[in-house]
Amino acid sequence: MSVSDLARRLPGIDELRDRSRAMAMVEAVLSPDRHLRHHAFHAGWGEGAQLASRDNGSGDGYSIVFSAAGAYICGFDHESPMSPYVTDDGEVWPGLLDGVPEVFQHHVVEPAFRDEDGTHAVTVCLWREAGDARWRHGTFDYPNGDTRADGASYLFGLLTDATSAAFTDFAADYYGREIDLDAVRHVFALRPLDEAVVAALNPQVVLADLQEDIRHIGYPR
């Protein structure tokens, strides 16, 4: 999947936010240890901004900033030949950030999206201003014409196919246990959690244990 394919397959901003929040909530129930979760959502990341993120613990992941301006996405595949770390100067792949609107330029220089040396770890970038009809991205050539080189499919597949069943399969594989599909469907519908749903996902957790996560994620009560 190229970045152009990704731009066509991603849902609108509101639906993307809902999908991201739901995935974070399911993992919060499955894993009391935040460091073991792939997906997270911070409803109060900045002034008027929310942050959805994925971190696989091996250097791959993404960040999505939601704000009144729209949404800005940056993703990083550490094995991508488009990684700034494969060059001597640590520069972002030519053209990758071309066209980022002024309203999102502060995200391009955001320290949270850079390493301790200031390198912008990004191989995928998209954005969508509020009111825009589609996602947009820079214009660039892929190395050797390989449209999978940026890692877009690997990084964002669960957002383009964010069905309850797809996420249940991911979670079952990652956590190494059977995951209750009906309980995941409940969360993906953003219905308030109850003890039965929590127990179906993780019998070692009760609803009271999740209050901080619910607040942090901004999940409906």
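**Entry 1: Arg9**

I take contact to mean heavy atoms within 4.5 Å. The model I am reading is a predicted one. With that cut-off I looked up Arg9 and set aside its neighbours within four places in sequence; Arg9 is then in contact with Met1 and Thr160. I noted that Arg9 belongs to helix H1, residues 3-9. I also looked up the spacing between Arg9 and Arg134, which are 125 residues apart along the chain; their C-alpha atoms are separated by 10.0 Å.

**Entry 2: The sheet**

I next traced the strands. Five of them make up an open sheet, and I recorded their order as S1-S2-S3-S4-S5, with antiparallel pairing. Which strands stand at the edges? They are S1 (39-46) and S5 (124-129); each has a single partner strand, so one side of each is left without a neighbour in the sheet. From one strand to the next, I noted an average twist of 10 degrees.

I then examined S1 and S2 in more detail. Strand S2 covers residues 49-55, and five bridges join S2 to S1, the two running antiparallel. Within this pair I found Ala40 opposite Ser53 of S2. The hairpin of S1 and S2 has two residues between the strands, and there Gly48 takes a positive phi near 75 degrees.

I also asked what lies across the sheet strands. Helix H4 (residues 152-160) lies across S1, S2, S3 (61-67), S4 (70-76) and S5, and H4 runs at about 50 degrees to S3.

**Entry 3: Helices H2 and H5**

How do helix H2 and helix H5 pack? I found that H2 (residues 13-30) and H5 (residues 164-175) pack at an angle of about 30 degrees, their axes being 12 Å apart. The crossing of H2 past H5 is right-handed. On the H2 side I listed Met23, Val26, Glu27 and Leu30 as making the contact, and on the H5 side Phe167, Phe170, Ala171, Tyr174 and Tyr175. I sorted the residues of this contact by class and recorded eight nonpolar, no polar and one charged.

**Entry 4: The largest pocket**

Finally, I looked for open space. The largest pocket holds about 760 Å³. I recorded 34 residues lining the largest pocket, and the closest to its centre are Ser53, Arg54, Asp55, Tyr62 and Ser63. Which elements give two or more residues to this lining? I noted S1, S2, S3, S4 and helix H8 (211-217). By class, the lining comprises 14 nonpolar, 12 polar and eight charged residues.

Terms used. Residues are numbered from 1 along each chain as its sequence is written. This is a predicted model: local features need pLDDT of at least 70, side-chain atom pairs count only at pLDDT 80 or more; totals for chains, interfaces and linings use all residues. Side-chain values use heavy atoms; hydrogens and water are left out. Two strands pair if DSSP finds at least two bridges between them. Helices (H or I, at least four residues) and strands (E, at least two) are DSSP runs, numbered from the N terminus. Axes are lines fitted to C-alpha atoms, for helices over the stretch in contact, and angles run from 0 to 180 degrees between N-to-C directions. A crossing is left-handed if the near helix is turned anticlockwise from the far one by less than a right angle, and right-handed if clockwise. Ala, Val, Leu, Ile, Met, Phe, Trp, Tyr, Cys and Pro count as nonpolar, Asp, Glu, Lys and Arg as charged, and the others, Gly among them, as polar. On a 1 Å grid over the protein atoms alone, a cavity is a set of points where a 1.4 Å probe fits but cannot get out, and a pocket is an open set with protein on both sides within 12 Å along at least five of seven lines; lining residues have an atom within 4 Å of a point. Grid points are joined across faces, edges and corners, and a volume is the space filled by probe spheres set on the points.
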